[in-house]
Amino acid sequence: MADIVLDKVSKKYPDGSLAVSEVNIEIADGEFIILVGPSGCGKSTTLNMIAGLEDISSGELRIGGSRVNEKAPKDRDIAMVFQSYALYPHMSVRDNIAFPLTLAKLSKSEIASKVDEAAKILDLGQYMDRKPANLSGGQRQRVAMGRAIVRNPKAFLMDEPLSNLDAKLRVQMRTEISRLQQRLGTTTVYVTHDQTEAMTLGDRVVVLRGGHVQQIGSPQELYANPANLFVAGFIGSPA
Ligand code: ADP
Ligand code: MG
């Protein structure tokens, strides 16, 4: 586990657009933090910089106290869950979950015990031999999470993981994600444009607009004490 610090982090894309502008966020070890804001406000760019999938243009990113700006994604020890599940269609659920451990060349017995544990936590035991095509959307999303937790990473990064699910499943998975985080206690950065998710899932919420942080606070603080009209409107408007 680890804390994550963004210290005046900016991202300028090669075409010159400033997607993220001098963002300061201190995420505590074990915290569940939400990045929320309208489409195009810089949520994915911020997450991708934490993951190492995008270079940081200026500023510093620290994970567990160390600067990681120049570190490759695989050396950051964090797991990402995307909205598209990115499962391997030709592999069983078991092999999909095991994949990162197979890559890391763990022994067969170690892999089997870690995969079983993840399957138990996510209630996937009875689906282990199925292919992704024969699973529901919610089950697929759980497999994607299984693949993330099996590595026991320092942090989880989730980019709108529920946006492909129907409303009922979204509510159910929201509860499961909360439970999972409470059980594992792993630092989690969760991106959503959904106000309800933002106000119910996280310990704290970062509201972004046009690449700038508008406010950081607990859901209660944002609700009771919005920093400006944008935050008030965004938090207060129906999901
Ligand atoms: P969000 O995830 O909040 O919808 P993004 O982080 O994807 O926002 O995008 C933030 C801004 O950066 C947007 O204006 C978007 O058009 C721009 N952007 C995203 N990716 C690229 C890219 N590869 N090249 C140029 N601009 C990009
Ligand atoms: Mg996005």
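**Entry 1. The sheet**

I began with the strands and found that 4 of them form an open sheet in the order β2-β1-β4-β5, with antiparallel pairing. I note that the model is a predicted one. I then asked which strands stand at the edges of the sheet. They are β2 (18-27) and β5 (66-67); each has a single partner strand, so one side of each is left without a neighbour in the sheet.

**Entry 2. β1 against β4**

I looked up the pairing of strand β1, residues 4-12, with strand β4, residues 58-63, and recorded 5 bridges in the antiparallel sense. Two facing positions went into my notes. L6 has L61 of β4 opposite to it, and S10 has S58 of β4 as its bridge partner.

**Entry 3. β4 against β5**

I followed β4 to its pairing with β5, which is antiparallel and runs over 2 bridges. Here I63 stands opposite S66 of β5. I next asked how many residues lie between β4 and β5 in their hairpin. There are 2, and G64 in the turn has a positive phi of about 55°.

**Entry 4. Helices α4 and α5**

I turned to helix α4 (residues 137-149) and helix α5 (residues 167-184), which pack with their axes 11 Å apart and at an angle of about 20°. Angles under 35 degrees count as roughly parallel, and α4 and α5 are therefore roughly parallel to each other. I recorded the crossing in which α4 passes α5 as right-handed.

I then listed the residues that make this contact. From α4 they are G137, G138, Q141, M145 and I149; from α5 they are L169, Q172, M173, L180 and L184. Sorted by class, the contact of α4 with α5 has 6 nonpolar and 4 polar residues, and I found no charged residues in it.

**Entry 5. Summary for my own use**

The α4 and α5 axes are 11 Å apart.

Technical notes
Residues are numbered from 1 along each chain as its sequence is written. Chains are lettered from A and ligands numbered from 1 in the order in which they are written. This is a predicted model: local features need pLDDT of at least 70, side-chain atom pairs count only at pLDDT 80 or more; totals for chains, interfaces and linings use all residues. Two strands pair if DSSP finds at least two bridges between them. Axes are lines fitted to C-alpha atoms, for helices over the stretch in contact, and angles run from 0 to 180 degrees between N-to-C directions. Angles under 35 degrees count as roughly parallel, over 145 as roughly antiparallel, 65 to 115 as roughly perpendicular and the rest as oblique. A crossing is left-handed if the near helix is turned anticlockwise from the far one by less than a right angle, and right-handed if clockwise. Two residues are in contact if their C-beta atoms, placed from the backbone, lie within 7 Å. Ala, Val, Leu, Ile, Met, Phe, Trp, Tyr, Cys and Pro count as nonpolar, Asp, Glu, Lys and Arg as charged, and the others, Gly among them, as polar.
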